[in-house]
Amino acid sequence: MDPSNWQTYLVTQESVSTGRSTLEIVEATIAGGVDAVQLREKDTDTRFRYELGRELRELTAETGVDLIVNDRVDIAQAIDADGVHVGQSDLPVSVVRDLLGPDAIVGCSTATVAEAEQAEADGADYVGIGTIYGTTSKNVEEYKDGVGPERVADITDAISIPAVGIGGITTDNAGPVVEAGAVGVAVISAITAADDPAAATAALASTVETAKHVEHGGATE
């Protein structure tokens, strides 16, 4: 349970999985080497997320993949998830930390240096930065939409906890996000909507790994 080791981070959303279940998608991404899965499933009810979360917890526990729950501390506690990811309009990071204790992973969505610095001060283990290239998955305020790799560099220079980029990221454009300082990338449709989610996960992980060599000045093939 160390976000600094995350390279590929799947955010689940069955509504864009082209008729496949989230469980099927997660099974495939685990085969492809995913490092973390966030149970999101916006616009579904609590019971659905709870039941799905129980299945995902069993699957991820068996394979050593971190399971994070979006927003809902209660669901995370009920399914024994590894942690929670909150946004700027959700429970404060400090409150989530108090509720879940010191061993849980707590992440926070950020779009500015100030938000990231506050998240770290409040006890976050990692931040999500975005949206990087814009997103169609939800309505996003203008200042948060399409912040680009440049914002990743600004934020990662200002904090000591790891960051993942999210929003419009694909295998084709993930490299600059990592080169700017992110440890990895979080995606929804780039994996969930792919014809072969396992292959898409593996390709994304390879892109991130290559970009890390570039960031650290290493040779690439």
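Is Tyr 9 buried or exposed? In this predicted model, local features need pLDDT of at least 70 and side-chain atom pairs count only at pLDDT 80 or more, while totals for chains, interfaces and linings use all residues. Residues are numbered from 1 along each chain as its sequence is written, and side-chain values use heavy atoms, with hydrogens and water left out.

Tyr 9 counts as buried, because its relative accessibility is 2%. Here, buried means under 20% relative accessible area, exposed means over 50%, and partly exposed lies in between, computed with a 1.4 Å probe on protein chains only. Trp 6 is buried too, with a relative accessible area of 2%.

These residues also lead to the aromatic rings. A pair of aromatic rings is described by the distance of the centres and the angle of the planes. Rings of Phe, Tyr and Trp (its six-membered ring) pair if their centres lie within 6.5 Å; planes under 30 degrees apart count as stacked, over 60 as edge-to-face and the rest as tilted. By this rule, there are three aromatic pairs. In one of them, the ring centres of Trp 6 and Tyr 9 are 5.2 Å apart and the planes meet at 75°, so the pair is edge-to-face. Trp 6 also pairs edge-to-face with Tyr 126, at 4.9 Å centre to centre and 75° between the planes. This second pair links distant parts of the chain, 120 residues apart: Trp 6 lies in the segment before strand 1 (8-11), and Tyr 126 in strand 6 (residues 126-129). Helices (H or I, at least four residues) and strands (E, at least two) are DSSP runs, numbered from the N terminus. Tyr 126 is buried, at 1% relative accessible area. Together, Trp 6, Tyr 9 and Tyr 126 form one aromatic cluster.

Another group of residues comes from a database record. Under "binding site", an unreviewed UniProt entry lists several positions, among them Lys 42 and Asn 70; positions follow the numbering used here, feature names are shortened, and annotations may be inferred rather than shown by experiment. Lys 42 sits in the loop between strand 2 (36-39) and helix 2 (46-63) and is partly exposed, at 29% relative accessible area. Asn 70, by comparison, belongs to strand 3 (residues 66-70) and is buried, at 9% relative accessibility.

The side chains of Asn 70 and Lys 42 make a polar contact at 3.4 Å. A polar contact is a pair of N or O atoms within 3.5 Å; within protein, one must be able to donate a hydrogen and the other to accept it, and residues adjacent in sequence count only if both atoms are side-chain atoms.
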